[in-house]
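User: I have a structure open next to its sequence and would like to talk through some of its side-chain contacts. Could you take me through it?

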Amino acid sequence: EDGYHPLRKIRTVFSGLRYAVLYDWSVTYKLILSVLVLLLAFAARAWMDFLLILVVTAFVLVAEIFNSAIEALCDFVETQHNEKIKVIKDIAAAAVGITIFVWLIVLGIELNRLLVVVLQ
């Protein structure tokens, strides 16, 4: 029966996330690195740091997943080299590049702060 089914939506979310983590290394390594820093923030009870890291991690993972989806769609629509497709992929990659830059800055600053707290 058609209609809105919350459990089906949740299952779809986890299916897409599982696929992204298993088959897209750019998603996997960011998730692993962020989880390690998140664990450190959790252990240090640095809740604002934890939340900031969580937000920028979600930001970069969403950008990576959108980029992967755009690239897959472009490859599906046009299998031959196409300059317009190249521009679309480049723009999507630029969006990811911006989010990675912000993610690295926040992770670096937060990791430095957390290490100072933990090592004291």
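This is a predicted model: local features need pLDDT of at least 70, side-chain atom pairs count only at pLDDT 80 or more; totals for chains, interfaces and linings use all residues.

User: Let's start with rings, then. How many aromatic pairs are there?

Analyst: The count comes to 5 aromatic pairs. One of them joins Y19 and Y23, whose ring centres are 4.7 Å apart with 40 degrees between the planes, and this pair is tilted.

User: Where do Y19 and Y23 lie?

Analyst: Both are in helix α1, which covers residues 6-23, and they sit 4 residues apart, or about one turn of the helix.

User: And are Y19 and Y23 buried or exposed?

Analyst: Y19 has a relative accessible area of 52%, so it counts as exposed, and Y23, at 57%, is exposed as well.

User: What about W25 and Y29, how are those rings arranged?

Analyst: The ring centres of W25 and Y29 are 5.9 Å apart and their planes meet at 35 degrees, which falls between the limits of 30 and 60 degrees, so the pair is tilted. These two residues belong to helix α2, residues 25-43, where they are 4 residues apart, about one turn of the helix. W25 is exposed, with a relative accessible area of 60%, whereas Y29 is partly exposed at 31%.

User: Which cluster do W25 and Y29 belong to?

Analyst: Ring pairs link W25 and Y29 with W103 into a cluster.

User: Switching to the helices: at what angle do α1 and α2 pack?

Analyst: Their axes are 5 Å apart and the angle is about 95 degrees. That value lies within the range of 65 to 115 degrees, so α1 is described as roughly perpendicular to α2.

User: Which residues make that contact between α1 and α2?

Analyst: On the α1 side they are A20, V21, L22 and Y23, and these meet W25, V27, T28 and L31 of α2.

User: Now the inside. Which residues touch the most other members of the largest nonpolar core?

Analyst: That core has 18 residues, and those touching the most other members are V37, I53, V60, W103, L107 and L114. The elements giving two or more residues to this core are α2, α3 (47-77) and α4 (83-119), and the largest share, 6 residues, comes from α4. As a general background, nonpolar side chains in soluble globular proteins tend to be buried together.

User: What does V60 touch, beyond its sequence neighbours?

Analyst: Leaving out residues up to four places away in sequence, V60 touches K30, T99, I100 and W103.

User: I also noticed E64. Why does E64 count as buried?

Analyst: The relative accessibility of E64 is 5%, which is under the 20% limit, so this residue counts as buried. E64 lies in helix α3, and apart from neighbours within four places in sequence, its contacts are D24, S26, V27, K30, V96 and I100.

User: And N67, is that one buried or exposed?

Analyst: N67 is buried as well, with 9% relative accessibility, and its place is in helix α3. Not counting residues up to four places away in sequence, N67 touches K89, A92, A93 and V96.

User: How far is N67 from A46 in space?

Analyst: The C-alpha atoms of N67 and A46 are 32 Å apart, while in sequence the two residues are separated by 21 residues.

Conventions
Residues are numbered from 1 along each chain as its sequence is written. Side-chain values use heavy atoms; hydrogens and water are left out. Rings of Phe, Tyr and Trp (its six-membered ring) pair if their centres lie within 6.5 Å; planes under 30 degrees apart count as stacked, over 60 as edge-to-face and the rest as tilted. Buried means under 20% relative accessible area, exposed over 50%, partly exposed in between (1.4 Å probe, protein chains only). Axes are lines fitted to C-alpha atoms, for helices over the stretch in contact, and angles run from 0 to 180 degrees between N-to-C directions. Angles under 35 degrees count as roughly parallel, over 145 as roughly antiparallel, 65 to 115 as roughly perpendicular and the rest as oblique. Contact means heavy atoms within 4.5 Å. A nonpolar core is a set of buried Ala, Val, Leu, Ile, Met, Phe, Trp, Tyr and Cys residues joined through side-chain atoms within 4.5 Å.
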